[in-house]
Amino acid sequence: MENGVTNVCENEESGTVRAQTIDELHSLQKKKSTPTTPDTSQPISAHSHYERQQQQLQSISASLASLTRETGPKVVKGDPASRFETSSLAHVSQHRVVTPTIAVSDSALKFTHVLYNLSPSELYEQAIKYEKGSFITSTGALATLSGAKTGRCPRDKRVVKDELTENELWWGKGSPNIEMDEHSFMVNRERAVDYLNSLDKVFVNDQFLNWDPENSIKVRIVSARAYHSLFMHNMCIRPTPEELEKFGTPDFTIYNAGQFPCNRYTHYMTSSTSIDLNLARKEMVILGTQYAGEMKKGLFSVMHYLMPKRQILSLHSGCNMGKAGDVALFFGLSGTGKTTLSTDHNRYLIGDDEHCWGENGVSNIEGGCYAKCIDLSREKEPDIWNAIKFGTVLENVVFDEHVREVDYTDKSVTENTRAAYPIEYIPNVKLPCVGPHPKNVILLACDAFGVLPPVSKLSLSQTMYHFISGYTALVAGTEEGIKEPQATFSACFGAAFIMLHPTKYAAMLAEKMQTHGATGWLVNTGWSGGSYGSGSRIKLSYTRKIIDAIHSGSLLNAEYKKTEIFGLEIPTEVEDVPSEILDPENTWSDKTAYNETLLKLATLFQKNFETFTDYKIGDDNNLTEEIVAAGPIF
Ligand SMILES: Nc1ncnc2c1ncn2[C@@H]1O[C@H](COP(=O)(O)OP(=O)(O)O)[C@@H](O)[C@H]1O
Ligand SMILES: C=C(OP(=O)(O)O)C(=O)O
Ligand SMILES: [Ca+2]
Ligand SMILES: [Mn+2]
């Protein structure tokens, strides 16, 4: 360089590549990675390593086995498009079913290539190469489309009713569990497995759920899209290489054949979409929807069944912890603020959506967050904004075709745009994602009627009343002409995911809140100064101040007054929040309209609660009576 001469080809050693052929050059680029390292507790031997590979492939072959034909598929690891990788990893495995062999079919001659627990980088490459609509955005996130479905399809969710589940689960009016029989499940399972085996390759994720090590569940997700594999990589707990080595047989398996429809000639099918849960077989089948949230929320349903059996309460809530170790839960239906408010720069994030409350405290079920992105702004939600980087899946967003900058205000594809990122993308995450018993239980309602106070302190029976009611009212999208808010009541703030009767979860929550002295709060993150159309949404900065006052304990001892009809205790002052908004009546210019709307909402609450008054909550009849009395009175 000194003489202005560049050092290109200056000497043999640094200037020439150490390869004789192009293939050899390419083989030099990739170094053997750790995920296949042997169990450290045992001496390293090529033989045991090979055996473990075989066991793993056999387990995958068993998962993908057709139950009506000769055997499981011939499973081979690696991308069929990559000659080099396939030949080096060609441990073929076939799962033998003990039933007599029928006849060899073409499907039995074929190989199923498995892309097993790929890294985000590998999944990016797969998505970009093979999945239309996959792009890298300017911040490095993977933008993708979920296809025709951009939200969950609760009406297409089926649960197998057998001798066990018939008595155990909640069926009938209000229940999310729409029945199907074992046979129809098997028809759909076979359809999904056949579809997956017909593909060039499938993705397999082996991961965990629940950060409480004593109650964690091993899950396997078999899917057809890199998008689905990356989504679950982000959302479930990622195993270490050592944990993966010892993974063994999964406790639960999802077959996601979302691009392929179900068959309407199959009994119980009412559309081309079917999400089928079989608790006895520990399997879920997805047909006719590629919306990735079905997998996340499907597994949540499974936890809502398994955990209460162990006296652990499963919660559709966000959760965070203060510097002093004070834990808060944030319950609420979709869009009410669980993710936004649990992601708080001054507190440790435990999780944004699904938790367990057991003997030792709380634990997150997931390993990632799933944030709404519509109108996302760097100023209002900096931590979520910064989490949208390499590795994050961005669903259904619109971006500039050249610079690939995302326009978060654009609803062209859907209003339900989403970002799925590993939880450690939030800087102040609490790892492992567990915490002590909650001190505050915050019920979020986005009240588009604009009559619920921004914050109320609840008695235990009021907490139960509002928990069982599970109210929110949103405006149905942005369609023209929709002026009326749509009231939704969803028991336990997650009726779509619960498996047992709501009162079972409510009784557990009451017992835990009582034992650990937690305080209940109702926070309206919705409208103020009128209903949707005339009023406006409560400023996020005000809601954050209210939440701060709950966390700090200052609101617990504030001065309160009781509201009419709902009988809610509302504070007269909250630091840095204008006092006049604390009583919604003050914010409405038309007092008659306010009273009419309040009465209307109270009537909706009362009507919704009718179905629950026949049930006993806990061992004590008194509690049931108190809960019923904690609703609106007029
Ligand atoms: N006052 C408020 N409190 C909470 N969220 C608000 C408020 N005003 C607007 N929002 C917006 O509402 C949405 C809440 O969604 P999110 O936190 O993802 O809900 P969830 O996790 O419960 O589904 C976010 O887009 C957030 O920016
Ligand atoms: C993924 C979901 O969660 P939430 O909207 O509560 O964040 C959902 O309900 O589909
Ligand atoms: Ca959320
Ligand atoms: Mn949620």
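**Exercise 1. Helices α14 and α18**

Find which residues of α14 meet which residues of α18 in this predicted model, and describe how the two helices are arranged.

Solution. 
Step 1. List the residues on each side. Helix α14 supplies Tyr465, His466, Ile468 and Ser469, and these meet Phe605, Gln606, Asn608 and Phe609 of α18.
Step 2. Sort the residues by class. The contact of α14 with α18 holds four nonpolar, four polar and no charged residues.
Step 3. Recall how such a pair is described. Two packed helices are characterised by the angle between their axes and the distance between those axes.
Step 4. Apply this to the pair. The axes of α14 and α18 (residues 591-609) are 10 Å apart, and the packing angle is about 80°.
Step 5. Name the arrangement. Angles of 65 to 115 degrees count as roughly perpendicular, and α14 and α18 are therefore roughly perpendicular to each other.

**Exercise 2. Helices α14 and α15**

Determine how α14 and α15 cross, and which residues make the contact.

Solution. 
Step 1. Start with the axes. Those of α14 (residues 460-469) and α15 (residues 502-516) come within 10 Å and cross at roughly 150°.
Step 2. Name the arrangement. Angles over 145 degrees count as roughly antiparallel, so α14 and α15 are roughly antiparallel to each other.
Step 3. The crossing in which α14 passes α15 is right-handed.
Step 4. List the contact. From α14 come Leu460, Thr463, Met464, Phe467 and Ile468; from α15 come Tyr505, Ala506, Leu509, Ala510, Met513 and Gln514.
Step 5. Sort by class. The contact of α14 with α15 has nine nonpolar, two polar and no charged residues.

**Exercise 3. Gln514 and Asn595**

Solution. 
Step 1. Place the residues. Gln514 belongs to helix α15, and Asn595 to helix α18.
Step 2. Gln514 and Thr488 are 26 residues apart in sequence and 28 Å apart in space, C-alpha to C-alpha. For Asn595 and Val398 the values are 197 residues and 42 Å, again C-alpha to C-alpha.

**Exercise 4. Tyr305 and helix α9**

Describe the surroundings of Tyr305, and state how many residues of α9 are buried.

Solution. 
Step 1. Locate Tyr305. It lies in helix α11 (residues 293-309).
Step 2. Classify Tyr305. Buried means under 20% relative accessible area; the value for Tyr305 is 7%, so Tyr305 is buried.
Step 3. List the contacts. Neighbours within four places in sequence aside, Tyr305 is in contact with Leu164, Glu168, Leu169, Leu279 and Met499.
Step 4. Look at one of these partners. Met499 is 194 residues from Tyr305 in sequence, but the C-alpha atoms of the two are 5.7 Å apart.
Step 5. Turn to α9 (residues 226-235). This helix is mostly covered, with 10 of its 10 residues buried. Among them are Tyr227, Phe231 and His233.

**Exercise 5. Backbone angles**

Examine the backbone at Pro432, Arg404 and Ile565.

Solution. 
Step 1. Recall the background. Most residues other than glycine have a negative phi, and most peptide bonds are trans.
Step 2. Check the peptide bond. Leu431 and Pro432 are joined by a cis peptide bond, with omega about -10°. Pro432 is in the loop between β23 (418-422) and β24 (434-435).
Step 3. Check phi at Arg404. The value is positive, near 65°. Arg404 sits in the loop between β21 (398-399) and β22 (406-407).
Step 4. Check phi at Ile565. This value is also positive, near 65°, and Ile565 lies in the loop between β32 (560-562) and β33 (569-571).

Methods:
Residues are numbered from 1 along each chain as its sequence is written. Chains are lettered from A and ligands numbered from 1 in the order in which they are written. This is a predicted model: local features need pLDDT of at least 70, side-chain atom pairs count only at pLDDT 80 or more; totals for chains, interfaces and linings use all residues. Side-chain values use heavy atoms; hydrogens and water are left out. Axes are lines fitted to C-alpha atoms, for helices over the stretch in contact, and angles run from 0 to 180 degrees between N-to-C directions. Helices (H or I, at least four residues) and strands (E, at least two) are DSSP runs, numbered from the N terminus. Angles under 35 degrees count as roughly parallel, over 145 as roughly antiparallel, 65 to 115 as roughly perpendicular and the rest as oblique. A crossing is left-handed if the near helix is turned anticlockwise from the far one by less than a right angle, and right-handed if clockwise. Contact means heavy atoms within 4.5 Å. Ala, Val, Leu, Ile, Met, Phe, Trp, Tyr, Cys and Pro count as nonpolar, Asp, Glu, Lys and Arg as charged, and the others, Gly among them, as polar. Buried means under 20% relative accessible area, exposed over 50%, partly exposed in between (1.4 Å probe, protein chains only).
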